[in-house]
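I opened this notebook to follow a few side-chain contacts through the structure and to keep a record of what I looked up.

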Amino acid sequence: MSGARLLWLAVWLALASGLYFLADRALNPNRIGILGDAPSVTLQRGLDGHYRAEALINGVMVNVLVDTGATGVAISQRTAERLQLQSNQAIRTSTANGDTIAYMTRLQSVQLGGVKAHNVAAVIAPGLDGDVLLGMSFLARMDVRLFQGKMTITQLEE
């Protein structure tokens with residue numbers, strides 16, 4: 001391969017890498033390394049209108065969809081297996097997709113940036129797409145504010 005071709009290949013690879021980086025930041029603005037460890041975290045709304053972030057559950061990084069309209073924390077079967085969660089009891093739940101069966105469990109800790117809660121009620125939802133739906137069993141312990149495309153979650157005393 002000639003030197004000119006190698007140069008063009010390097011330029012195209014650099015451009016493609018830059019575009020990938022910019023698109024990834026736009027689609028996933030709330031990375032765990034960006035959120036910091038302060039007792040208040042501000043999430044940027046994604047292009048799809050949702051608040052997605054990387055969080056720690058029992059010390060393991062997972063992707064969460066923060067949903068103030070969800071009663072509790074719901075975890076996909078795949079993620080529950082990765083976290084080695086045990087289910088205590090089957091329950092009937094109502095979701096936007098209809099009635100289903102979920103399995104109750106407890107999370108030792110849930111951490112979003114520096115905002116942390118212990119002993120959080122959750123369900124393992126076998127039909128859940130994605131990793132984790134972070135609902136009110138976590139958020140109700142915090143001060144949550146929505147303003148101009150940002151969600152600020154502040155730690156309250158546990």
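For the first entry I needed a cut-off: I count a polar contact as a pair of N or O atoms within 3.5 Å, where, within protein, one must be able to donate a hydrogen and the other to accept it. The model is a predicted one.

I looked up S76 and found a polar atom of its side chain 3.2 Å from the backbone oxygen of G130. S76 sits in strand β4, residues 73-76, and I noted S76 as buried because its relative accessibility is 2%. Leaving aside residues up to four places away in sequence, I listed I124, A125, L128, G130 and D131 as the residues that S76 touches.

I found the side chains of R78 and D131 joined in one of them, at 2.6 Å from N to O; R78 belongs to helix α3 (residues 77-83) and D131 to the loop between β7 (115-125) and β8 (132-134), so that the pair links parts 53 residues apart. I recorded R78 as exposed at 55% relative accessible area, whereas D131 is buried at 14%.

I then looked up R31 and E54, whose side chains meet in a salt bridge of 2.9 Å, N to O. R31 lies in the loop between α1 (3-27) and α2 (32-35) and E54 in strand β2 (residues 51-57), so this pair ties together parts that are 23 residues apart in sequence. I noted R31 as partly exposed at 27% and E54 as buried at 11%.

Note on methods
Residues are numbered from 1 along each chain as its sequence is written. This is a predicted model: local features need pLDDT of at least 70, side-chain atom pairs count only at pLDDT 80 or more; totals for chains, interfaces and linings use all residues. Side-chain values use heavy atoms; hydrogens and water are left out. Helices (H or I, at least four residues) and strands (E, at least two) are DSSP runs, numbered from the N terminus. Buried means under 20% relative accessible area, exposed over 50%, partly exposed in between (1.4 Å probe, protein chains only). Contact means heavy atoms within 4.5 Å. A salt bridge is a side-chain nitrogen of Lys or Arg within 4 Å of a carboxyl oxygen of Asp or Glu.
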